[in-house]
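Please open the model in your viewer and keep the selection panel at hand. The tour begins at the ligand and then moves on to a pocket.

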Amino acid sequence: MSAQIIDGKTIAGKIREEIKEEVENLKKKGHVPSLAAIQVGEDPGSTVYIRSQRRSCEKVGIEYKLHQFDTTISQKEMSEFIQKLNGDKGVSGIILQMPLPQALDARTLQATIHPDKDVEGVSAANMGMVVFGRPILGPCTAMAIMELIKSTGVDLYGKEAVMVGHSDIVGKPTALLLLDKFVTISVCHIATGERGTLPEYVKRAEILIVAVGKAHLIKGEWIREGAIVIDVGINRVEGKIVGDVEFEEAKERASYITPVPGGVGPVTTAILLKNTIEATKLRIR
Ligand code: NAP
């Protein structure tokens, strides 16, 4: 039987509708949610992402302001600019677009963003709340993955899940969020791949999440019958965007699967907006 497609665009649309209402309520009380984006240089991928962020913000009534800098900006200057935004009452959330030039230390600059304005949820404070099971501004992609899984209506208690990829912003927080739902989770990474045991893990997964960035790394035949498959990967192959999972083959074995594009991506952006609303509320608390 062919899997049900988890439509990220529809889920994102529903989240945006809820946000729209919240924005209207906040504005009635005189609070305008606003997102400040910082871009250094002109990376084309980042420019596409910025355009989509701006459109999404406009749709729900969040103000979006882009601050662009030349690649010659120093760490100190950038840090001072972030501090200025931290102190600006008109700014609800700050997003530092990647990639940054080599001369800038992304981790240190991200840590400069005040946790209450860290709408990407990547600061130590916000990641810490994930560990405690009480995310406030949660990491966007991990929170989006949880929304996509929730949309299936499947009871997660006791299920066996496999997270492929252990990045700080996707793999690790997703594993923690699932753990909090009493899912038994294995986290795979490059060493699992090198040891050759990745297929064994994937074959056990009732819930499979893949965030690696290697086209078709996960073979369709590895997918457990009836699995929920969340494909986070974004890869360009012959001019087309594809995920990390062999979609057509996996679809024949899974019960639910996310497409790429149109799965995780739109929901991640919707969570960014949701976090901006939460950040606005934190500011006026
Ligand atoms: P990342 O930081 O590069 O992490 C990739 C992970 O994959 C690492 O943990 C790496 O392990 C692991 N890995 C590499 N080769 C492997 C293999 N052969 N077998 C098993 N694990 C392997 O990337 P990321 O930021 O998490 O992003 C992953 C992908 O998701 C990218 O394609 C990115 O574009 C996409 N993404 C999409 C969204 C969205 O909203 N749709 C958001 C974020 C990211 P080691 O570190 O040990 O090498």
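**Around the ligand**

Select isoleucine 234 together with the ligand: a polar backbone atom of this residue is 3.0 Å from an oxygen atom of the ligand, a polar contact being a pair of N or O atoms within 3.5 Å. The protein covers 71% of the 920 Å² of accessible area that the ligand has on its own, as given by the Shrake-Rupley method with a 1.4 Å probe. This is a predicted model, in which local features need pLDDT of at least 70 and side-chain atom pairs count only at pLDDT 80 or more, while totals for chains, interfaces and linings use all residues. Residues are numbered from 1 along each chain as its sequence is written, and side-chain values use heavy atoms, without hydrogens and water.

Next, select serine 167, where an N or O atom of the side chain is 2.5 Å from a ligand oxygen, and then histidine 166, where a polar backbone atom is 2.7 Å from an oxygen of the ligand.

Now show α8 (190-195) and α11 (264-284), the elements that give two or more residues to the shell around the ligand; helices here are DSSP runs of H or I with at least four residues. The largest share of that shell, three residues, belongs to α11.

**The second largest pocket**

Move on to α6 (140-150), which gives five residues, the most of any element, to the lining of the second largest pocket. Among the 18 lining residues, those closest to the pocket centre are Met143, Met146, Glu147, Leu177 and Lys181, where lining residues have an atom within 4 Å of a point on a 1 Å grid, and a pocket is an open set of points where a 1.4 Å probe fits, with protein on both sides within 12 Å along at least five of seven lines.

Methods
Polar contact = N/O pair within 3.5 Å; in protein donor to acceptor, adjacent residues only side chain to side chain.
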